Amino acid sequence: AVVSTQSTGMHQAVSFMLADMAMRYELAKLAVWRSCTDYDEGRRNTYYASIGKLYGAIAANKNASDAVQVFGGNGYNKDYPVEKLMRDAKIFQIYEGTDQIQKLIIAREHMTRFL
């Protein structure tokens with residue numbers, strides 16, 4: 001068997017996953033910041049708050065799933081923190097409104113703003 005001398009992050013497939021994880025995190029953060037800016041400036045922030053909440057939940061779940069995959073079999077082992085992250089991420093899709101409710105809010109707000 002050949003043992004690689006590269007770190008896990010140097011493998012192209014893992015690097016792509018890490019890049020996707022970073023992108024999802026940053027995009028969710030931008031939506032939340034936009035919501036906060038609207039709120040701070042006295043504007044209604046429902047639209048971007050719902051986008052941030054929904055996309056943040058989707059990103060958290062996908063990123064947790066990808067992290068488990070990066071860790072391989074150890075990702076499901078309770079000795080590794082990614083196993084707990086996977087369980088914890090699911091609450092973001094349930095807490096303070098399900099994904100479907102957030103989509104209804106986004107659609108309503110979008111139609112009010114742009115149609």
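Which residues in α2 meet which residues in α3?

Modeller: The model is predicted, so local features are described only at pLDDT of at least 70 and side-chain atom pairs only at 80 or more, while totals for chains, interfaces and linings use all residues. Residues are numbered from 1 along each chain, and side-chain values use heavy atoms, without hydrogens or water.

On the side of α2, the residues in contact (heavy atoms within 4.5 Å) are A60, N61, A64, S65, A67, V68 and F71. Their partners in α3 are V82, L85, M86, A89 and K90. Both elements are helices (DSSP runs of H or I with at least four residues, numbered from the N terminus). Helix α2 covers residues 46-71, and helix α3 covers residues 81-90. The axes of α2 and α3 come within 9 Å of each other and cross at roughly 160°. An axis is a line fitted to C-alpha atoms over the stretch in contact, and angles between N-to-C directions run from 0 to 180 degrees. The two helices are therefore roughly antiparallel (over 145 degrees) to each other.

Helix α2 itself has 26 residues, and its first and last C-alpha atoms are 37 Å apart, close to the expected 38 Å at 1.5 Å a residue. The expected span is 1.5 Å times one less than the number of residues. Just after α2, G72 takes a positive phi of about 65°.

E83 belongs to helix α3. E83 counts as buried because its relative accessibility is 12%; the cut-offs are under 20% for buried, over 50% for exposed and in between for partly exposed, with a 1.4 Å probe and protein chains only. Leaving aside residues up to four places away in sequence, E83 touches G75, Y76, N77 and K78. K84 is also placed in helix α3, but K84 is partly exposed, with a relative accessible area of 43%. The C-alpha atom of K84 is 9.1 Å from that of A64, although these two residues are 20 positions apart along the chain. A64 is one of the α2 residues that meet α3.

Helix α2 also packs with α1. The axes of α1 and α2 come within 9 Å and cross at roughly 160°, which means that α1 is roughly antiparallel to α2. Helix α1 comprises residues 12-40. At 1.5 Å a residue, the 29 residues of α1 should span 42 Å, and the 41 Å between its end C-alpha atoms agrees with this. The buried residues of α1 are V14, M17, M21, R24, A28, A31, S35 and D38. What covers these buried residues includes α2 and α4, the latter formed by residues 99-114. Just after α1, G42 takes a positive phi of about 80°.

D38 lies in helix α1 and is buried, with a relative accessible area of 2%. Again leaving aside residues up to four places away in sequence, D38 touches R43, R44, N45, Y48 and R113.

To return to your question, α2 meets α3 through residues including A60 and F71 on one side and V82 and K90 on the other. Helix α2 is roughly antiparallel to α3, and α1 is in turn roughly antiparallel to α2.

Notes. Angles under 35 degrees count as roughly parallel, over 145 as roughly antiparallel, 65 to 115 as roughly perpendicular and the rest as oblique.
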